[in-house]
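Dear colleague,

Please find below the structure that I am handing over to you.

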Amino acid sequence: GHSTRKINFGAGPAQLPVEVLETIQNEFLDFNGSGSNVMELSHRSSAFAKIIQEAERDIREILTIPDSYAVLFLQGGATAQFSAVALNFLNLKPSKTADYLVTGYWSEKAAKEAEKFGKINWVVPKSSKYQGNCIQTKPKYRLINALNEIGVPAEDTWKLSEEPSYFYYCANETIDGVEMENIPTVVPKDVPIVCDMSSNFLTRPFDVTKYAVIFASAQKNFGASGLVLVILRKDLVENNTNKSIPIILDYKVQIANESMYNTPPTFSIYVANKMFAWTKAQGGLKALNQQSASKSSLVYETIDESNGFYVNSVEKNYRSRVNIPLRIVTNGTTNETLEALFLAEVVKSNMFELKGHRAVGGIRISLYNGITVKETEKLVNFMRTFQAKNNS
Ligand code: PLP
């Protein structure tokens with residue numbers, strides 16, 4: 001058995017399926033008869049070429065990615081893409097500006113990074129009550145007033161630019177727990193859409209062809225941190241006229257070099273390859289979509305049936321299926337003592353990484369693909385028992 005393994009409900013790096021870890025363990029000293037660990041192999045070797053090609057083939061199959069899109073395995077996490085997107089695409093249109101929908105912590109980071117390179121239009125005013133729990137322009141700990149609902153404001157209130165180079169949004173705000181299932185319909189069809197899917201990538205199907213750029217860091221649903229997958233329309237890169245892009249952020253260079261301008265994160269790509277194979281073996285996005293729905297329903301039912309003991313302050317339409325921030329509320333106020341007790345007790349049941357992000361406090365439950373329905377059941381049983389014991 002794996003009695004020493006704890007259940008990791010953290011926001012990432014996330015828990016991986018134990019069978020994937022076992023495969024890696026079995027290949028650790030001698031990968032496929034090479035006499036080496038994968039991390040010891042040259043990135044120019046045929047053995048590694050096979051790994052990266054297999055990974056690309058599998059993710060193209062999982063997402064039905066057309067040939068007109070490039071698939072890149074890059075470094076610097078999703079954060080490097082905040083800069084890369086702006087550097088590569090801000091000048092796509094004469095306006096040299098881009099529209100950013102800021103719905104929380106990560107889209108705010110992306111918008112602020114892009115502002116270093118040009119004019120950025122925040123389509124929702126910075127003062128909006130909707131901009132997440134922990135937007136930096138707001139006082140911290142917004143969730144303490146758990147009755148303050150957040151979500152995404154009505155599209156007809158957004159201020160879009162005339163002809164932006166692109167429209168940017170984050171499909172799932174990992175810290176705020178705000179998920180957008182669909183591309184906003186108000187964005188005109190010809191505006192390239194850039195999406196940070198780091199935390200809900202591979203948890204639901206989506207149509208790649210509706211996007212210009214999609215990126216996702218690996219440490220949530222496909223493995224090891226440092227690696228970021230970028231899927232992008234090749235034709236957009238050909239129009240790029242910015243000559244001063246740092247070379248490893250230059251999409252044109254990365255496409256020409258098949259993600260190997262320099263030494264790529266070979267071990268993380270190897271783990272991604274294993275995770276994509278696992279994703280396929282699970283039944284692909286159809287099955288993982290169902291699992292994600294089942295797991296998040298278990299948690300939200302527990303919250304909704306708690307009579308206000310557990311509070312998640314995200315509007316129902318935008319509740320994330322992947323990251324669920326919550327507070328414990330008694331007598332109308334957040335009870336940080338009980339939250340601390342919850343976190344201390346849950347560890348004794350072998351479940352950990354449930355502490356809320358330092359920017360918002362409270363509790364956060366992350367349900368990435370490596371978390372099973374059974375493990376989620378164990379957590380909600382704990383939640384119900386904890387409430388029964390402590391809700392006086
Ligand atoms: N975007 C989202 C939605 C995230 O959740 C994260 C990380 O947690 C990032 C971006 C940043 O990713 P990285 O730390 O890989 O740069």
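Val228 is in contact with Leu74, Gly76, Gly77, Ala78, Ala80, Gln81, Phe215, Ala216, Ser217 and Ala218, leaving aside its neighbours within four places in sequence; two residues are in contact if their C-beta atoms, placed from the backbone, lie within 7 Å. This is a predicted model, in which local features need pLDDT of at least 70 and side-chain atom pairs count only at pLDDT 80 or more, whereas totals for chains, interfaces and linings use all residues. Residues are numbered from 1 along each chain as its sequence is written.

Val228 also belongs, with Tyr100, Tyr168, Val213, Val230 and Ala272, to the residues with the most contacts inside the largest nonpolar core, which has 76 residues. Such a core is a set of buried Ala, Val, Leu, Ile, Met, Phe, Trp, Tyr and Cys residues joined through C-beta atoms within 7 Å; buried means that 20 or more other C-beta atoms lie within 10 Å of the residue's own, all of them placed from the backbone. Helix 3 gives the most to this core, with eight residues. Domain 1 (31-281) and domain 2 (284-390) both contribute residues, so the core lies between them. Apart from it lies another core, of 21 residues, among them Phe9, Val329, Val346 and Ile365.

The bounds of the two domains come from an automatic or database domain assignment. The C-alpha centres of domain 1 and domain 2 lie 27 Å apart. Their contact takes 32 residues from domain 1 and 30 residues from domain 2.

Helix 3 (residues 77-89) deserves a separate word. Helices here are DSSP runs (H or I, at least four residues), numbered from the N terminus. With 13 residues, helix 3 reaches 19 Å from its first C-alpha to its last, close to the 18 Å expected at 1.5 Å a residue; the expected span is 1.5 Å times one less than the number of residues. Ten of the 13 residues are buried, including Phe82, Val85, Leu87 and Phe89.

With kind regards

Note on methods. Helix = DSSP H or I, 4+ residues; strand = E, 2+ residues; numbered from the N terminus. Buried ≥ 20, exposed ≤ 12 C-beta atoms within 10 Å, placed from the backbone.
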